[in-house]
There are 2 protein chains.
Amino acid sequence: MKPTLQAVADAVGVSRSTVSNAYSRPDQLSAALRERILDAARQLGYPGPNPTARSLRRGFVGSIGVLFTSQLSYAFTDPFAVRFLAGVGAAAERHGTSMLLVPLARAVTDARRAVENAAVDGFCVYCVADEEWALDVIRERGLPFVSTAARDNADAGERFVGIDERAAARSAAAHVAGLGHRRVALLADSVLPDAPAGPLTLAGVDQVPHPTTRGRLSGFADAFAEVGVGWAELTVVNVPGNSRPAAAAAIAGLFDQPAPPTAVLAGSDVLALGVLDALAARPAHDRPTVSVTGFDDVPEAAAAGLTTVRQPAEEKGRIAAELLLDPPADAAAGHVLLPTALVVRNSTGPVPRS
Amino acid sequence: MKPTLQAVADAVGVSRSTVSNAYSRPDQLSAALRERILDAARQLGYPGPNPTARSLRRGFVGSIGVLFTSQLSYAFTDPFAVRFLAGVGAAAERHGTSMLLVPLARAVTDARRAVENAAVDGFCVYCVADEEWALDVIRERGLPFVSTAARDNADAGERFVGIDERAAARSAAAHVAGLGHRRVALLADSVLPDAPAGPLTLAGVDQVPHPTTRGRLSGFADAFAEVGVGWAELTVVNVPGNSRPAAAAAIAGLFDQPAPPTAVLAGSDVLALGVLDALAARPAHDRPTVSVTGFDDVPEAAAAGLTTVRQPAEEKGRIAAELLLDPPADAAAGHVLLPTALVVRNSTGPVPRS
DNA sequence: GCTAATCTCTGTATCGATACAGACTGGATC
DNA sequence: GATCCAGTCTGTATCGATACAGAGATTAGC
């Protein structure tokens with residue numbers, strides 16, 4: 001059995017409190033005694049105060065949780081999520097805080113338990129869509145959190161860092177509309193919860209449950225409405241899951257239809273890259289010229305020459321962690337909107353004559 | 001104040017133990033009473049047993065630590081590390097365990113404390129070089145760990161997952177030697193702790209402290225020794241830090257010297273990509289034809305056409321976590337050597353005539 | 001109808017530390 | 001010489017739960 005603080009106290013002949021102070025409040029005892037205690041501890045193989053016991057007594061843990069609604073392993077697959085994590089990590093590092101990545105089981109009961117049992121002082125919630133239950137648990141536990149996606153029923157004063165999804169998406173769509181495109185497909189992940197991959201009929205954008213997706217689709221629609229292209233004329237394509245192959249599969253059939261789209265606006269770079277993959281997979285003689293835009297500006301986007309909307313990923317993570325770790329006194333400062341920028345590369349161009 | 005388990009017990013009129021059982025051992029009480037207790041808990045806003053208190057009493061935490069010797073934010077920059085993390089995440093997910101990422105401060109005292117204070121049941125040690133102190137702390141705490149890099153003074157029976165660095169490196173070098181290259185540079189991160197960037201004179205490979213780097217350099221040297229090129233004839237180039245720009249900067253001057261190398265063998269893909277960057281940065285008319293090899297086969301390598309040694313990154317993480325989470329009864333099974341494979345792409349070719 | 005076995009539930013000890021109020025010293029102050 | 005004070009150290013209460021042995025109440029078995 002590992003020795004406890006008590007064992008060290010007994011060995012030196014002082015009280016438990018004094019040993020505790022030797023570790024946590026050096027100013028509370030003489031340097032000489034402190035040395036004697038630390039020596040004895042070394043001798044006994046005492047590894048320092050037990051972190052769990054210390055947390056219990058002190059009332060805080062010294063680590064923050066990061067919550068992903070999807071599979072934890074997925075988070076490492078998504079380049080945007082990785083940059084976000086890097087930002088959280090950088091902030092955590094500065095604060096001497098650890099990051100706990102909590103995997104959420106598929107079954108809600110199990111997932112709930114994971115959030116209930118996480119030993120953390122607060123959460124950065126990366127992307128809670130309809131997973132309101134997770135926020136309920138966090139609130140019930142009385143833990144602070146920062147969300148990074150606009151939510152439909154956010155409390156006033158809730159800490160948040162994100163972007164104006166709608167305006168950002170609109171900027172990309174305006175660029176494409178400005179190039180003359182009128183037959184356009186909008187590609188997004190999980191437009192409707194359990195819809196199959198491929199084109200989808202939606203009465204309106206309000207039907208989309210996920211606020212981020214809804215915001216981006218609205219922005220796309222806004223820009224086209226302005227040039228006279230109504231919602232009904234836009235093709236919405238659903239992709240189940242944010243991955244390149246899924247996007248490629250979902251979009252593939254679209255170009256073989258009569259009057260195929262001349263542009264595809266994707267809700268993320270990953271999806272857009274999937275579209276480029278799908279196009280590249282076709283024989284050169286049967287490869288339509290399609291303008292493609294992404295969203296996020298992940299590192300891969302530049303290499304692929306993808307026109308996209310840049311949002312500062314690392315910054316988002318860093319600020320999320322900082323809002324959590326030292327909350328601004330001013331409530332308004334707890335709501336951060338980051339800037340976005342349209343990055344035009346060569347994946348977009350004028351409508352081909354044909 | 002959040003209600004405690006006691007508060008729920010009082011409200012229902014049962015003992016604390018019974019409430020505890022309602023959460024953790026449902027078979028210990030009647031379904032009816034359990035419902036009554038959970039109802040009362042909901043009513044009071046009791047969020048379930050406090051994770052910290054529970055951990056203290058139960059003696060385990062339900063999360064595993066991942067230790068990086070370098071900056072946590074760096075870990076997310078290195079594509080190999082990210083794949084490794086994904087693997088750990090996948091295994092953790094299956095076990096319903098969380099992952100704690102512990103940032104290590106630059107100052108060893110602070111870094112020690114971080115390891116001492118991490119509330120985890122064990123560690124996956126990603127890349128502890130000379131950071132033997134970290135392992136000392138872990139051992140002192142009596143926690144299990146799995147290391148992923150061969151270490152000079154590993155205990156017998158220590159759990160490990162990795163590759164045969166030397167043989168793997170040798171395969172890349174043999175390929176390059178087979179192409180006829182004889183003037184070769186070996187590029188590695190932190191060949192000597194505080195050496196400057198650029199070429200370096202080393203009496204022998206034994207002087208390299210980091211076992212992984214030493215293993216790879218030895219493998220490179222092995223293959224060239226076989227074709228009559230001795231250690232002294234090889235140029236060792238030091239890069240401080242595993243990053244593309246650092247590699248590009250370290251190698252840049254090399255090609256302007258008399259008798260420049262016709263091949264560069266890098267200790268990682270990231271470094272190799274840096275070399276390609278450095279070459280691409282030169283004007284086309286002054287761009288020497290140099291064969292370049294990497295190590296790891298990260299996703300970016302394929303796109304760049306980099307010849308490299310593949311090692312299964314995700315697998316490594318997954319197995320590391322699994323060795324930690326359910327240790328094999330058989331000690332020998334705790335030492336896993338993963339396969340590697342030479343992947344030849346177009347970054348290597350015969351020596352140019354000139 | 002009696003013992004044994006089963007099902008529920010309770011009580012006490014304990015996990016390993018920290019907070020906080022107070023006790024003891026040995027000088028400095030007047 | 002009494003008073004005050006800063007510097008050290010101690011003791012007790014507490015953080016919020018779970019383990020484990022055992023007490024009653026039921027049911028089963030014969």
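Let me start at DNA strand C, which 25 residues surround, the closest being Thr4(A), Ser20(A), Asn50(A), Ser17(B) and Leu29(B). Near, here, is a C-beta atom, placed from the backbone, within 6 Å of the strand. The elements that give two or more residues to this surface are α2 and α4 of chain A together with α2 and α4 of chain B. Helices (H or I, at least four residues) and strands (E, at least two) are DSSP runs, numbered from the N terminus.

Before going on: this is a predicted model, where local features need pLDDT of at least 70 and side-chain atom pairs count only at pLDDT 80 or more, while totals for chains, interfaces and linings use all residues. Residues are numbered from 1 along each chain as its sequence is written, with chains lettered from A and ligands numbered from 1 in the order in which they are written.

Now DNA strand D. It is surrounded by 25 residues, and the closest are Ser17(A), Leu29(A), Thr4(B), Ser20(B) and Asn50(B).

How do the two protein chains relate? Chain B superposes on chain A by a rotation of 180 degrees with 0.0 Å of shift along its axis, at an RMSD of 0.1 Å. The two copies are thus related as by a two-fold rotation axis. In chain B, the C-alpha nearest that axis belongs to Leu100(B), at 2.2 Å.

Next, the inside of chain B. Buried means 20 or more other C-beta atoms within 10 Å of the residue's own, with C-beta atoms placed from the backbone. Val184(B), Leu186(B) and Ala188(B) point one way from β6(B), and Ala185(B), Leu187(B) and Asp189(B) the other way.

What does β6(B) pair with? It runs parallel to β8(B), joined by 5 bridges, and pairs with β9(B) in the parallel sense over 4 bridges. Pairing requires at least two DSSP bridges between the strands. Leu186(B) stands opposite Val236(B) in β8(B), and the bridge partner of Leu187(B) in β9(B) is Ala266(B).

Definitions and conventions. Copies are superposed by least squares on the C-alpha atoms of residues with pLDDT of at least 70 in both. A residue is buried if 20 or more other C-beta atoms lie within 10 Å of its own, exposed if 12 or fewer, and partly exposed in between; C-beta atoms are placed from the backbone.
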